[in-house]
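This briefing is for a reader meeting the structure for the first time. It starts with a sheet, then turns to domains, the chain interface and a helix pair.

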Amino acid sequence: MHDKQIIGRGAEATIYLIKEFGVDVAVKFREPKTYRIPELDTVLRSRRTKKEASLLCSAVESGVNAPRLIAVGKYSIYMESIKGDTLNHTKLSGTIAKAAGIMLGKLHNHGIIHGDFTPANLMFCYGKLFVIDFGLGDFNNGSEERALDILLMKRQVSKAIYSIFIKNYSAVAKSYKETLIRLADIEKRGRYQSRTMV
Amino acid sequence: MLVLGIESSAHTFGVGIVKDGKIIANEKSMYDVGTTGMIPKKVAEFHISNSNNVIRKALKTAGLSIRDIEGIGYTKGPGIGNCLQVGQIIAKTLAVRLGIPMADVNHGLGHIEIARLMSRLEDPVVLYVSGGNSQILKATGKRYRHYTILGETFDIGVGNMLDSFARSLKLVPSWGSTVEKTAIGGRYVDMPYTVKGMDFSFTGLLTHSIKQINKHTKQDICYSIQETAFSMLCEATERALLLTNSDEICVCGGVAQNTRLKEMLSKIALSHHSKFGFSENQFNADNGAMIAFVAERMLSNGYKIKIKDCRIEQRYRVDRAVVF
């Protein structure tokens with residue numbers, strides 16, 4: 001139908017760029033996995049596509065910059081194409097950390113868990129910060145999930161950046177106290193502790 | 001170097017002998033799990049009463065006398081305390097009596113290294129799946145090479161899950177391989193699927209499967225639990241493969257004996273133009289040869305430990321063991 005240009009490839013999906021009515025549209029297509037039996041594969045792919053689409057919609061509703069949803073197929077999501085680079089290799093500034101903190105706060109207030117909130121999934125476009133890839137996301141109001149979202153960012157950025165991030169997050173997120181207590185809890189968890197015996 | 005290795009972390013008491021990187025004996029005796037699973041005290045007693053015979057048998061296979069042995073390796077951990085202690089005491093006794101050096105070996109590292117070297121892979125993404133462990137690893141570090149855990153189970157190991165389920169179904173013998181046999185020709189019924197990034201969880205799947213026992217045939221549930229669990233492992237492994245930009249996959253541990261799991265992983269390898277490797281089944285099951293194998297590498301590369309410092313550690317994680 002159109003010329004397809006591959007702009008990204010992950011473990012689960014491939015992202016194409018197509019032109020529709022002269023406008024760039026990003027298509028995220030979940031590839032079939034030959035190792036899984038089809039009964040399981042089709043269910044997983046369609047379930048995840050559906051969930052990701054509704055997460056994208058809700059994210060935009062919560063007032064966060066995210067690619068706007070155009071259409072949903074059984075295994076593909078058609079969305080607005082965001083022009084720019086992810087913040088993966090860019091040096092994070094205080095302004096970005098502030099925007100990212102506010103962004104995560106708004107998402108959490110709406111019961112949205114991103115699941116992979118790292119610089120690799122943040123993008124600068126039209127001078128605004130965008131969040132992409134809700135592929136590991138979920139609708140959840142638990143403090144555990146919220147704390148894990150924060151922890152993921154904390155592990156990837158410097159202390160100074162994190163302190164700006166968390167300050168702005170706390171200013172926006174309603175139940176930030178509960179979340180931060182849980183975060184401290186998670187970090188103390190003894191899953192990696194060991195015991196020596198003679 | 002001629003090294004004897006003793007493995008006793010769980011139901012297997014195994015003795016292996018390695019000469020300059022070549023395995024010349026691999027003998028074992030296995031505690032019958034019956035339908036009750038492992039009772040630590042009973043397994044340890046079983047090991048004590050069998051240890052002598054297994055060591056003699058291994059020496060006979062290799063055509064050696066105990067005086068020919070130049071080094072002793074034993075499993076430090078992870079494993080069941082009572083069982084580890086049996087192997088450790090026997091190893092210490094032999095080392096003192098014969099006046100030879102000892103090496104404390106990580107059980108998981110034994111599985112990984114023997115599978116990696118037998119399948120001639122250099123730096124693969126490793127899926128280590130056994131009763132107690134389910135981890136995805138990759139070697140890192142320059143000066144001290146060790147395995148980093150990229151993803152692992154949040155709760156129980158996949159083997160443990162299959163064994164528990166076999167017990168609930170009252171299959172005999174109650175372990176994973178019986179589930180594999182029962183699953184042949186089954187149809188898929190819906191099961192919970194839990195993967196978070198490169199981590200996975202199996203308790204939900206186990207509970208759900210047990211609840212389905214009277215609703216579907218044994219065959220169908222066994223088929224579904226296997227397909228679901230292995231799909232979860234494969235998805236996480238594929239993600240790790242892409243994240244690390246690796247082009248080699250290696251599978252090891254008790255559950256790696258399962259043909260379906262190996263088939264699924266080989267498909268992933270094929271779709272990413274990667275190599276896929278595994279070892280023979282006798283080395284995927286717990287065995288003494290892998291302990292001897294790693295111990296020989298450690299000792300011949302200058303690893304030294306005082307006999308009084310040879311301890312056991314029930315939770316000796318593989319990421320803390322240095323690769324020689």
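In chain A, 5 strands make up an open sheet with antiparallel pairing, in the order S1-S2-S3-S5-S4. Strands here are DSSP runs of E with at least two residues, helices are runs of H or I with at least four, and both are numbered from the N terminus. Two strands pair if DSSP finds at least two bridges between them.

This is a predicted model, in which local features need pLDDT of at least 70 and side-chain atom pairs count only at pLDDT 80 or more, while totals for chains, interfaces and linings use all residues. Residues are numbered from 1 along each chain as its sequence is written, chains are lettered from A and ligands numbered from 1 in the order in which they are written.

**The sheet of chain A**
- Strand S1 (5-9) and strand S4 (69-72) of chain A are at the edges with a single partner strand each, so one side of each has no neighbour in the sheet.
- On average, neighbouring strands of this sheet are turned by 25 degrees against each other, direction ignored.
- S4(A) is joined by 3 bridges to strand S5 (residues 76-80) of chain A, and the two run antiparallel.
- Val72(A) has Ile77(A) in S5(A) as its bridge partner.

**The domains of chain A**
- Chain A is divided into domain 1 (5-80) and domain 2 (94-191), with bounds from an automatic or database domain assignment.
- The centres of domain 1 and domain 2 of chain A, taken over C-alpha atoms, are 23 Å apart.
- In chain A, 14 residues of domain 1 are in contact with 14 residues of domain 2; contact means that the C-beta atoms, placed from the backbone, lie within 7 Å.
- Helix H1 (residues 38-61) of chain A gives the most to the domain 1 side, with 6 residues.
- That side of domain 1 of chain A has 7 nonpolar, 4 polar and 3 charged residues; Ala, Val, Leu, Ile, Met, Phe, Trp, Tyr, Cys and Pro count as nonpolar, Asp, Glu, Lys and Arg as charged, and the others, Gly among them, as polar.

**The interface of chains A and B**
- Contacts link 14 residues of chain A with 22 residues of chain B.

**A helix pair in chain B**
- Helix H7 (residues 218-243) and helix H8 (residues 259-271) of chain B pack at an angle of about 35 degrees, with their axes 10 Å apart.
- Axes are lines fitted to C-alpha atoms, for helices over the stretch in contact, and angles run from 0 to 180 degrees between N-to-C directions.
- Residues making this contact include Phe230(B) of H7(B) and Leu261(B) of H8(B).

Terms used. Two residues are in contact if their C-beta atoms, placed from the backbone, lie within 7 Å.
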